[in-house]
Amino acid sequence: PVSRPTKVPRPLRRHRRQSGTARAQMGTSVVALRLSRALGSRPAASLAISATATVLLAVIALVAGNFSIAADNAGWYSRGTTLADRHVQLLRLFDWDWSDSEYSGCGPSISADCWAQEPRRLSEEKCKKTRSSDLTVIYRAKQSDADLLSPDLLRQVCELESEAIRVLRAGACQPPSSGCSAVRGGECLAPVSVVSLLRDSLGWELACADLAADPATVRLAEALGLVGYDYTADSPSTRTLAAVFPLVRDSALDFLLEVHHAGTLRLASANVDTAYGMWRRDDFRDAVRDEVLFSDMALVYGSLVVSLVCVLAYTRSLFLSVVGLLQVCFSFPLAFFCYSIVCRLDFFPFLNFLGLFVIMGIGVDDLFVVVDKWSQAARSLPPGSDVPTIAAVAGPDAALTMLLTSLTTAAAFFATAVVPVAPVRVFAIFMGFMVLADYLLCLTVTFSAVCLQHRWLQRAPSSRRARCLLSLLDFSRCSSRPPQEAAAPRARVLERLMSGPMHIAVHRGRFVLLALFFAALGLCVWQVANISPPSSTAVQLLPESHVVERYETWKQDFAEEDSSEMFVVWGLTPGDTGDHNNPELVTDLLADLDWDPSSREAQRWLLDFCNATASDPAAPRATDIGCPLRDMDDWLVDSAAAGQPRCGGASRLPVPPDAFHPCVEEYLSSEDRYSWYMGMRTYRGRLVALVASYKVVINFDSSYEQVRDTVDEWEGWMDTQNKGAPDGVRGGFFTSARVHWWDTNRSMLLGAYYSIGAALAVVFVVVLLATLNPLTTVYATVSVGTVLLLVIGTVLGMGWELGFLEGICFAILIGLSCDFVLHMAHAYTSADQPTRELKSRDALARMGPPVFAAAMTTLSTGLVMFGCTFVFFFQFGTILVLTMLYSILTSLFFFLPLTNAAGPTGRCCSLAPLSTKGRASGGADKEASTQQACAAEPEMGQIRQSL
């Protein structure tokens with residue numbers, strides 16, 4: 001026990017000469033010391049109370065918040081932007097239940113089919129009419145200049161198709177109906193393919209070799225028009241063919257998954273590869289992706305075992321390692337409590353489960369800081385100091401150190417919430433809560449566990465057997481050293497390495513290290529400055545060699561009806577009244593109150609709009625125009641020519657204003673026309689929405705710049721047309737699923753850039769407030785920016801593009817790039833040494849070991865993710881490894897060389913004197929009140945001397 005001094009010592013006069021961080025710490029030390037002493041005085045009770053409260057809050061959150069583990073991947077589209085508001089209104093128009101819902105009310109949620117694409121049909125033959133659940137096999141020549149219609153390759157295609165038929169015979173193939181072609185044997189309906197139609201003409205009994213050698217084969221194949229297309233200019237030959245196999249609808253998905261797992265459909269020949277999927281549905285693709293996702297998640301969470309091993313190696317305590325792992329795990333339900341109960345957020349995407357993996361790096365860092373601060377405090381106090389005394393020294397120092405990094409990391413995550421994509425936004429909010437929850441748990445649960453372990457070790461018997469039993473608390477206790485020597489605190493090997501050889505190397509080579517880092521930084525700045533937009537807005541989730549990914553890529557060789565469709569909408573107002581944080585809560589349908597197309601001028605202008613778009617050189621490039629009013633005008637002309645005048649005898653548009661809406665109803669009701677297909681929506685006898693469709697040259701795999709230029713063209717065109725439109729039809733706007741997806745990619749990239757800027761701003765403010773030294777603040781901010789630039793420059797050098805998945809990874813990992821540099825900045829500023837060399841040495845000795853151990857722990861878990869199949873996990877692991885690697889290198893070999901070369905000492909560049917003058921009048925009262933607090937608890941005097 002520490003002896004109680006009879007007089008209060010005089011450390012407070014020396015306190016005024018200390019740095020800004022030390023003075024801020026001492027100014028609040030009365031409360032901090034008392035709280036730390038309270039935890040150290042009763043560590044068992046503190047641990048029990050904090051653990052019980054944590055478990056109760058976790059149970060309340062999981063039960064009341066209806067927590068469930070599910071792969072919810074909905075909502076990966078931007079919401080709230082101008083382009084997004086337009087498209088959700090179009091989707092709402094197509095999905096609106098006009099019979100049961102009021103026009104201004106709330107209707108059902110958006111159907112998944114609204115987002116689906118509608119590929120073109122290979123055949124209109126009634127017996128071979130394809131359905132959305134049918135199996136599609138795509139044949140693709142391995143050489144880009146090969147022609148599948150050549151005899152040798154056509155024979156290989158025929159043999160591959162015969163093998164596919166053999167597999168399907170025992171499964172879910174559709175049996176033939178009367179009068180329809182069947183495969184040899186008659187069990188299955190013949191597929192829709194070039195080979196099948198050739199057999200219909202030449203005979204099903206022909207062998208593949210005879211079929212390919214028949215002189216009529218090539219002529220018939222060219223005439224069928226059911227071949228694939230290769231759009232590359234240097235390869236005009238037919239490189240891709242497709243076959244659609246009719247399946248029984250109810251068992252199609254289960255059967256495809258079964259044969260996929262068995263591998264019986266993974267067909268290939270010497271010169272032809274294959275890929276397969278569902279014809280017009282994404283069920284099979286999504287099911288396979290979900291299987292790969294869950295398989296990879298098991299590997300991802302299995303990497304937490306690697307973290308546990310690293311924590312064991314550093315803390316040398318199974319007890320602290322388990323407590324630290326529980327600290328990280330319980331931060332998840334505590335964050336869910338704030339997320340679900342406090343913020344009332346219902347949407348919980350699968351991305352949030354990655355938060356447990358991200359918080360592992362942050363939580364391990366906090367655990368190592370607490371353990372090292374405790375070890376340093378124990379060595380700074382006289383031997384045999386009791387637990388409350390050590391806790392009073394270590395607690396405030398550890399709390400302030402972790403507070404700086406926790407606030408910065410949480411703020412960086414919260415700043416990412418500006419991204420208008422629901423899964424990313426709610427993940428950022430959830431991660432911010434997880435960081436704060438981990439900080440609170442580290443201060444209560446983990447710190448109490450450290451206090452309890454030290455007390456147990458102090459009271460342990462001195463026999464070797466007892467010490468070996470206590471090896472679960474501290475592995476070093478089971479040693480051959482005498483008890484007295486083992487009880488004496490000693491610096492760790494890593495700490496001696498940091499303060500010795502590492503410091504000498506950093507100090508002597510500081511100018512060389514700075515030159516190397518500035519050269520690397522300049523190279524990365526040049527590479528980032530010349531960054532080009534993504535070459536495609538498509539998202540690759542599986543490796544290129546995976547059969548599902550090959551199918552998604554190869555099917556782009558076939559023309560699709562809506563592959564590049566642009567819509568122009570009148571009668572609606574862009575907007576989104578739904579919950580932007582929940583994809584299931586969609587917008588209401590918002591009517592354009594000024595919409596009135598009944599006047600003759602409005603009818604004539606709408607009719608001429610399509611012609612102007614097609615013929616005006618200033619109009620965007622568009623083909624195959626679908627104009628509802630033009631079709632209606634043709635209907636009136638044809639009816640009048642046939643002697644069956646419509647709409648009160650009108651021969652064409654425009655019709656009288658009072659006859660316009662009844663004429664639209666008559667047009668839609670004739671010949672079984674559907675208003676959705678015709679681009680017209682009526683409600684209570686009035687035309688309330690009009691949609692014109694156009695073919696444009698953009699697609700999902702179009703480049704970022706190509707879609708951007710198309711959007712700019714249409715924006716200018718629609719602005720010009722709306723300005724010249726008559727009253728009632730001036731609110732038209734354009735939209736497209738491709739444009740919406742491009743807007744999502746753009747929002748992700750802009751959100752990542754904003755998050756980087758916000759993280760740097762938060763680092764600047766936090767470090768400035770903590771150190772009151774602008775020079776140290778600039779060094780820390782530049783160092784964090786260096787980490788980000790090095791990571792971005794490296795991935796660009798690896799050939800990556802900053803696309804959709806990369807934007808998600810950077811949004812996740814921006815917060816992790818700040819911690820190590822902030823630790824070093826705080827340690828340097830708070831070091832009570834006269835020279836910059838000694839201050840840098842002290843910072844390296846105090847914070848080097850926990851920072852290095854945390855980096856190695858997180859980096860090793862990131863390496864495990866290299867075994868994942870999912871591209872996102874592989875990219876996430878790559879960026880995680882690079883972030884940890886560059887963070888530790890920058891903090892040790894860039895920030896510390898800066899402080900060694902030109903770091904502030906004493907009051908150099910410090911704002912502390914200004915703060916002292918501002919408080920001069922109240923200094924005596926503060927001194928007296930602090931001394932009274934010390935007199936009430938005399939132990940604080942000696943504790944202050946230790947600080």
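Me: Which residue of β2 is the bridge partner of Arg-140?
Reply: In this predicted model, Arg-140 has Thr-240 as its bridge partner in β2. Another bridge between these strands has Tyr-139 with Leu-241 of β2 as its partner.

Me: What makes β1 and β2 a pair?
Reply: A pair needs at least two bridges found by DSSP. Six bridges join β1 (residues 135–141) to β2 (residues 240–245), and the two run antiparallel.

Me: What is the order of the strands in the open sheet?
Reply: The sheet has three strands in the order β2-β1-β3, with antiparallel pairing.

Me: Why are β2 and β3 said to stand at the edges?
Reply: Each of β2 and β3 has a single partner strand, so one side of each has no neighbour in the sheet. On average, neighbouring strands in this sheet are turned by 20 degrees against each other, direction ignored.

Me: Why is β1 called mostly covered?
Reply: Buried means under 20% relative accessible area, and seven of the seven residues of β1 are buried. Both faces are covered: one side has Leu-135, Val-137, Tyr-139 and Ala-141, the other has Thr-136, Ile-138 and Arg-140, and all are buried. For the protein chain of 947 residues, 56% count as buried.

Me: Why does Arg-708 count as partly exposed?
Reply: The class lies between the cut-offs of under 20% for buried and over 50% for exposed. Arg-708 has 31% relative accessibility, so it counts as partly exposed. Arg-708 lies in helix α25 (residues 704–723). Its C-alpha is 9.8 Å from that of Ile-698, which is 10 residues away in sequence.

Me: Why are α29 and α31 called roughly parallel?
Reply: Angles under 35 degrees count as roughly parallel. Helix α29 (residues 819–830) and helix α31 (residues 871–902) pack at about 25 degrees, with axes 8 Å apart. The pair is therefore roughly parallel. The crossing of α29 past α31 is right-handed.

Me: Which residues make the contact of α29 with α31?
Reply: From α29 come Phe-820, Val-821, Met-824, Ala-825 and Tyr-828. From α31 come Met-884, Ser-887, Ile-888, Ser-891, Leu-892, Phe-895, Leu-896 and Thr-899. By class, 10 are nonpolar, three polar and none charged.

Me: At what angle do α5 and α26 pack, and in which hand does the crossing run?
Reply: Helix α5 (residues 82–95) and helix α26 (residues 737–771) pack at about 145 degrees, and their axes are 9 Å apart. The crossing of α5 past α26 is left-handed.

Me: What residues meet there, and which classes do they fall into?
Reply: Leu-83, Ala-84, His-87 and Val-88 of α5 meet Ala-737, Val-739, His-740, Trp-742, Asp-743 and Arg-746 of α26. The contact has six nonpolar, two polar and two charged residues.

Me: How many helices and strands does the protein chain have?
Reply: The chain has 34 helices and eight strands. Among its contacts with a separation of 6 or more, 79% are between residues 24 or more positions apart.

Conventions. Residues numbered from 1 in each chain as written. Predicted model: local features only at pLDDT ≥ 70, side-chain atom pairs only at ≥ 80, totals over all residues. Heavy atoms only, no water. Axes fitted to C-alpha atoms, helices over the stretch in contact; angles between N-to-C directions. Helix = DSSP H or I, 4+ residues; strand = E, 2+ residues; numbered from the N terminus. Left-handed = near helix turned anticlockwise from the far one by under 90°. Contact = heavy atoms within 4.5 Å. Nonpolar A, V, L, I, M, F, W, Y, C, P; charged D, E, K, R; others polar. Buried < 20%, exposed > 50% of the residue type's maximum accessible area, 1.4 Å probe, protein only. Parallel < 35°, antiparallel > 145°, perpendicular 65-115°, else oblique.
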